[in-house]
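Thanks for making the time this morning.

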Amino acid sequence: MKPAEKTVLAEHRRYLVDDLSGAVLDLGAGTGAIFPYFREAVADGRNITLFAIEPDPHMRRKAVERAHELGLDIEIESASAESLPFTDDSFDVVIASLVFCTIPDFDTALSEVARVLKPGGEFRFLEHVRGEGAVGVAHDVLAPAWHTVAGGCHLNRETHEIFRDDERFELVDYTRLENIPQVVPTVRGTLKRRREASLLSQLV
Ligand SMILES: C[S@@+](CC[C@H](N)C(=O)[O-])C[C@H]1O[C@@H](n2cnc3c(N)ncnc32)[C@H](O)[C@@H]1O
């Protein structure tokens with residue numbers, strides 16, 4: 001991912017951290033690829049308290065090392081997105097970058113995002129999704145093998161459709177990215193947790 005980080009991902013990671021404030025959670029931090037951008041936000045004087053979760057111990061160790069190298073104050077928990085170790089209405093912003101493709105129980109994880117976000121809080125995402133037309137058909141064919149070789153990643157998840165249709169959130173912003181090859185269609189966007197989200201999730 002290193003070349004892609006500099007050439008195509010940097011502007012989208014900046015989108016995820018733009019104008020951050022308050023309590024912020026990075027879901028599935030991996031090796032901490034977004035941490036340098038958190039560092040920029042802190043250096044900018046933003047008033048933020050940073051948390052991350054990462055279930056894989058190897059990745060988590062690397063993330064801890066990277067935070068240390070950057071002098072970044074961030075609490076990194078061993079947890080999965082399906083069971084977040086935080087109370088309801090804890091966060092102003094939850095960030096998911098290239099993670100919902102891998103999460104095994106998508107619906108539970110999205111419910112957890114709705115639960116831990118404060119009403120009016122933002123869920124910002126950067127995710128690769130199933131392609132359209134022939135690319136989508138190719139993704140369907142390749143998906144089972146890809147899942148095996150790529151650490152459980154679902155190549156053909158329609159993450160964007162699920163995010164956009166979820167009534168617990170208001171769609172604030174959504175873009176299909178042009179600077180990323182269309183063999184790996186990628187989207188970014190922001191959802192805002194509706195004020196009545198807790199009630200809705202109790203009803204479904
Ligand atoms: C492709 S990496 C992305 C890492 C990082 N967010 C980034 O932008 O580079 C996907 C990450 O999701 C993590 N992951 C897998 N299952 C997860 C789950 N159920 N909950 C949270 N994170 C998970 C993996 O361990 C891995 O670190």
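Predicted model: local features only at pLDDT ≥ 70, side-chain atom pairs only at ≥ 80, totals over all residues.

Val94 is buried, with 27 other C-beta atoms within 10 Å, where buried means that 20 or more other C-beta atoms lie within 10 Å of a residue's own, exposed means 12 or fewer, and partly exposed is what falls in between, with the C-beta atoms placed from the backbone. Residues are numbered from 1 along each chain as its sequence is written.

Val94 lies in strand β4, and here helices (H or I, at least four residues) and strands (E, at least two) are DSSP runs, numbered from the N terminus. Which residues does Val94 touch, if we do not count those up to four places away in sequence? They are Leu25, Leu27, Val113, Val116, Leu117 and Phe123, with contact taken to mean that the C-beta atoms of two residues, placed from the backbone, lie within 7 Å.

Moving from the residue to its strand, six of the seven residues of β4 are buried, so the strand is largely enclosed by the rest of the structure. On one pairing, β1 and β4 run parallel and are joined by four bridges, with Val24 having Val93 in β4 as its bridge partner; two strands are said to pair if DSSP finds at least two bridges between them. On another, β4 (residues 91-97) and β5 (residues 117-128) pair in the parallel sense over six bridges, and in β5 the partner of Ile95 is Arg124, while that of Ala96 is Phe125.

Helix α4 (residues 106-116) lies across β1 (22-27), β4, β5 and β7 (186-193), and runs at about 145 degrees to β5. For that angle, axes are lines fitted to C-alpha atoms, for helices over the stretch in contact, and angles run from 0 to 180 degrees between N-to-C directions.

Now the sheet as a whole. Seven strands form an open sheet in the order β3-β2-β1-β4-β5-β7-β6, with mixed pairing. The edges are β3 (74-77) and β6 (169-176), each of which pairs on one side only, and neighbouring strands are turned by 15 degrees against each other on average, direction ignored.

Is Tyr174 buried, exposed or partly exposed? With 14 other C-beta atoms within 10 Å, Tyr174 is partly exposed, and it touches Arg164, Val187 and Gly189, again leaving out residues up to four places away in sequence.

Two backbone positions deserve a careful check. As background, most residues other than glycine have a negative phi. Asp19, in the loop between α1 (2-17) and β1, has a phi near 55 degrees, a positive value in a residue other than glycine, and with 9 C-beta neighbours inside 10 Å it counts as exposed. Leu98, in the loop between β4 and α4, also has a positive phi near 55 degrees, but it counts as partly exposed, with 19 C-beta neighbours inside 10 Å.

Next, the ligand. It is surrounded by 19 residues, of which the closest are Gly28, Gly30, Ala33, Ala81 and Ser97, a residue being near if its C-beta atom, placed from the backbone, lies within 6 Å. By class, this shell has eleven nonpolar, five polar and three charged residues, where Ala, Val, Leu, Ile, Met, Phe, Trp, Tyr, Cys and Pro count as nonpolar, Asp, Glu, Lys and Arg as charged, and the others, Gly among them, as polar.

Finally, the whole chain. There are seven helices and seven strands, running from the N terminus as α-β-α-β-α-β-β-α-β-α-α-β-β-α. With 204 residues, a compact globule would have a radius of gyration near 17 Å, and the 16 Å of this protein agrees with that; the radius is taken over C-alpha atoms, and the rule is 2.2 Å times the number of residues to the power 0.38. Buried residues make up 36% of the 204, and among contacts between residues at least 6 apart in sequence, 72% join residues at least 24 apart.
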